[in-house]
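Work through the exercises below with the coordinates open. Try each task before reading its solution.

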Amino acid sequence: MPFKSTDENITGGKDFPDLYYEEDNLVSLTIDRQKVRVEKGMTILEAARWMGIKIPTLCYHEGLTPWGGCRLCVVEVIKRGRSKLEASCTYPVAEGIQVKTNSEKVQKTRRMIVELLISSCPNSRTLQDLASGMGITEIRFKMEDNDCILCGLCVRMCKEQMMSGGIGFINRGAKREVSTPFHKSSEICRGCGACMYICPVVTLQCRGRREPGDLCNACINVCPTDFGF
Amino acid sequence: MVKIKSPEDLASLTAKLQKEKNTEEICITVCMGPGCLTCGSQKVLESLKEEIKKRDLQEKVQIKETGCHGFCQKGPILLIKPAGIFYQQVIKRDIPEIITETIINNRIVERLLYVDPILNSKIIKEKDVPFYKSQYRLVFGDNSLIDPHKIDDYISLGGYSALAKALFEMTPVQVMEEIKNSGLRGRGGGGFHTGRKWESCRNAPSPDGVRYVICNADEGDPGAFMDRGLLEGNPHRVIEGMIIGAYAISSNEGYAYVRNEYPLAVANLNIALELAREYGLLGKDIMGSGFDFDILVVQGGGAFVCGESTALMASIEGKRGEPRPKHIHTSERGLWNKPTALNNVETWANVPIIIKKGAEWFSQIGTERSKGTKIFSLVGKINNTGLVEVPMGISLRDIVYKIGGGIPDGKKFKAIQTGGPSGGCLPEELLDLPVDFDELTKVGSMMGSGGMIVMDENTCMVDIAKYFLKFLRDESCGKCVPCREGLKRMVQIIEDITEGKGEPGHLELLEELTQTVKEASLCGLGKTAPNPVLSTIRYFRDEYEAHIMDKKCPALVCKNLIEYSIDELLCTGCGSCKRACPVMAISGEKLYPHTLDMEKCIKCGICLEKCPFDAIKIS
Ligand SMILES: Cc1cc2nc3c(=O)[nH]c(=O)nc-3n(C[C@H](O)[C@H](O)[C@H](O)COP(=O)(O)O)c2cc1C
Ligand code: SF4
Ligand code: SF4
Ligand code: FES
């Protein structure tokens, strides 16, 4: 990504170089104690990733509209002295806000979210990896065996990139699921498989050796430093 | 119908209607609100009409069908004016007697009067009934004076004069300032300052100048029916408020989002809108002012979450009723991405009176930061169920005891739940708390939209928390993980606790979960959903501990933690319980003490009810 590389910016060390954009189109904010100026309309997630800060995500994908469903990307946003947890993938950068992407509260919340998800979908390798990365070694809820975390990636993929609309959400609450209209095979589905390609649960099944419906944690033992969260 | 083309036209119509109104004429008002209707007010009305016709009294006596008066507990309600005689629990058979005695002979039918449960005295007039006496019915009071199908009834009470004042004597900005100065806060749950919302909506850029106003009549809280009462009983007041609001933010299009379960509200609202259009009070060139505005009624599909602002707007747009992130307020980017002023029914109904009487007058009612009155639907273990309107700042105790008449059957008060399903349960110690947005939030509950459920000593607080959690779990839209998965797990844990499978770490795990659900959820539903659990843990922790540690339910409610048995000394062997038991768990010979087989017992409690000698015991 292009940025203004004035000497001051680089040698100053503390502040981050500006994105190279029109002056009046920039907002300045602080992310993890680093001051940064980024383009208006960006989300916190985009800004943070541009700075090289890792924020885990599940329902976010660069090519799709941010949705804000999984809440794994939560960060602490401090605005007018009040701190709140917000989903960084949908939160637009704003002048003067302070963001903490990895505070204790953020970590605790993310761990709870992964614990909730993995207890419902233990077969997802994405989730098992996340759990290992966060050092989650115990699940305190009753294990279930579902095959969908309702991240909505497939629904958006189908609609936004494949220009179809064969699948969507039905029902609400705990009964919510992804399906075709009235559970019948959809006429507009071309069978392109994009939904399967993008799904973090079905395609990437965990292959570690474990009891069905159990936490794997194999990766923790193999390479404990491989997970940067 | 002649069109009203100027404020003078309206004033002369009002004057004419008031003159026509014969204050001497006898008027029998029949409440046709939802509560009275279910108790049979339709039959009462029919036989009243018949009787009047039979005795040829049409000239002398007028009959008025109104919306809910509030005192639903005692329905069907008849109010005879001008004397103001209050008859309650009237049935069809009473009508001839009422006509003969009260209307013709001017005597009171004693047995239909309300009896004060404390003083045991009979009360004749509505205004002396304690239920009404301690209320301040600023918004709701007109319900008993108006036939919602007749716009003239509303106009004769000065209706639409606030609109005339706004349109012809004030600028939109002045109207907005007036509402701002009045301190009116949203009655739909959040308590957001209405004037400030309008201001940000007015100032938000809209390239094509389109802005919307919406009335939120989704009212999904279990046991709440304030908005329904208003919309069914006095729709014009809400309409007038919306037109004034539209003028203030310069919008020409409004929506009323009414839940599907309220067919009568939809019908009455549509009739009212049509009548207002015929008079020229709605539509093009309102009252000749050049201001155009119209309202469309949209029926919701009945999901609780569709009351949430962004879900509601998605639903109007024809999409899935699902919240979206609100980093930019709906007042700036709402319906179809246009600036939108969304307010609750009751909020809109407060607008005309503020414009009519002024911000200063209004802001004298209530507390420092909560102004005006609030309508609550008072339900649960309380003598006088119904809709009550009280000034902000009144204590919960006054509502429960003065208006509500205390707890039935001499039971002890245990808790009061305010704020609908995601409010909190407050214990006896907090009964002196004033009703105020901020005070209620401080103690872990909230004003919400006005649900108020009273619980007595026979209520298990863990069970109550479970009930609300289950409701919210089922009504969660399921979009975000903390709410969908978190609530599911919370219900599982609480179910374990009530089934005697609670373990020592459970309370802490619950508390940890509530933190995540509260802070990480996307919309207000998830953010407030843990309140019932948090508040019951906060104020009734011992009850949770009794369930978990001692496997006991102190209120004897949770089925898995109680046992039924028969006291041999009291049992006469009458066999009532044996006959009633659905699973034949009771055996014994006639006139000898019976025995109960715990293996078979499903703890339905029927035997307990049937035993005439109180021989069935729970432990
Ligand atoms: C889950 C949920 C349900 C809601 N249900 C209602 C409702 O039934 N009626 C209502 O007026 N507001 C409801 N609200 C509040 C609305 O989002 C909104 O704040 C309100 O209508 C704004 O109007 P007010 O400022 O006049 O209160 C609900 C909010 C949430 C989060
Ligand atoms: S099927 Fe896969 S991609 Fe689609 S919502 Fe479920 S987990 Fe997400
Ligand atoms: S908090 Fe609940 S209701 Fe709100 S968006 Fe999330 S899942 Fe849906
Ligand atoms: S990645 Fe942001 S909510 Fe899912």
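The exercises cover ligand sites, a chain contact and a loop residue in a predicted model.

**Exercise 1. Find which residues of chain B come closest to ligand 1, and sort its shell by residue class.**

Solution. 
- Step 1. Collect the shell. Ligand 1 is surrounded by 19 residues.
- Step 2. Pick out the closest. They are Gly188(B), Lys197(B), Glu219(B), Asn344(B) and Thr347(B).
- Step 3. Sort by class. The shell around ligand 1 has 11 polar, five charged and three nonpolar residues.
- Step 4. Strand E10 (340-344) and helix H21 (524-528) of chain B each give at least two residues to the shell around ligand 1. E10(B) supplies the largest share, three residues.

**Exercise 2. Describe the shell around ligand 3.**

Solution. 
- Step 1. Count. There are 13 residues around ligand 3.
- Step 2. Name the nearest. These are Cys477(B), Lys479(B), Cys480(B), Cys483(B) and Cys523(B).
- Step 3. Classify. The shell around ligand 3 holds eight nonpolar, four polar and one charged residues.

**Exercise 3. Characterise the contact between chain B and chain A.**

Solution. 
- Step 1. Interface size is often quoted as the accessible area lost when the parts come together.
- Step 2. Apply it. Chain B and chain A bury about 2800 Å² between them, with 55% of that on carbon and sulfur atoms.
- Step 3. Count residues. Chain A brings 34 residues to the contact and chain B brings 32.
- Step 4. Count polar links. Between chain B and chain A, 19 residue pairs are in polar contact, both at pLDDT 80 or more.
- Step 5. Locate the chain B side. Helix H18 (461-475), helix H19 (481-498) and helix H20 (506-520) of chain B each give at least two residues to the side that touches chain A. H19(B) has the largest share, 10 residues.
- Step 6. Classify that side. In chain B, the side touching chain A has 13 charged, 11 nonpolar and eight polar residues.

**Exercise 4. Explain why the salt bridge of Glu512(B) and Arg140(A) joins two chains.**

Solution. 
- Step 1. Get the counts. Over all chains the structure holds 51 salt bridges. Across the interface of chain B and chain A there are seven.
- Step 2. Check the pair. The closest N and O atoms of Glu512(B) and Arg140(A) are 2.9 Å apart. The salt-bridge cut-off is 4 Å.
- Step 3. Glu512(B) is in helix H20 of chain B, and Arg140(A) is in the loop between helix H4 (125-134) and helix H5 (153-161) of chain A, so the pair joins two chains.

**Exercise 5. Where is His193(B), and which residues does His193(B) contact beyond its sequence neighbours?**

Solution. 
- Step 1. His193(B) is in the loop between helix H8 (172-182) and helix H9 (194-203) of chain B.
- Step 2. Leave aside neighbours within four places in sequence. His193(B) then contacts Gly183(B), Leu184(B) and Arg185(B).
- Step 3. Compare C-alpha atoms. Those of His193(B) and Lys180(B) are separated by 7.4 Å, with the residues 13 apart along the chain.

Methods
Residues numbered from 1 in each chain as written. Chains lettered and ligands numbered in written order. Predicted model: local features only at pLDDT ≥ 70, side-chain atom pairs only at ≥ 80, totals over all residues. Heavy atoms only, no water. Near = heavy atom within 4 Å. Helix = DSSP H or I, 4+ residues; strand = E, 2+ residues; numbered from the N terminus. Nonpolar A, V, L, I, M, F, W, Y, C, P; charged D, E, K, R; others polar. Contact = heavy atoms within 4.5 Å. Buried area = accessible area lost by both parts, 1.4 Å probe. Salt bridge = Lys/Arg side-chain N within 4 Å of Asp/Glu carboxyl O. Polar contact = N/O pair within 3.5 Å; in protein donor to acceptor, adjacent residues only side chain to side chain.
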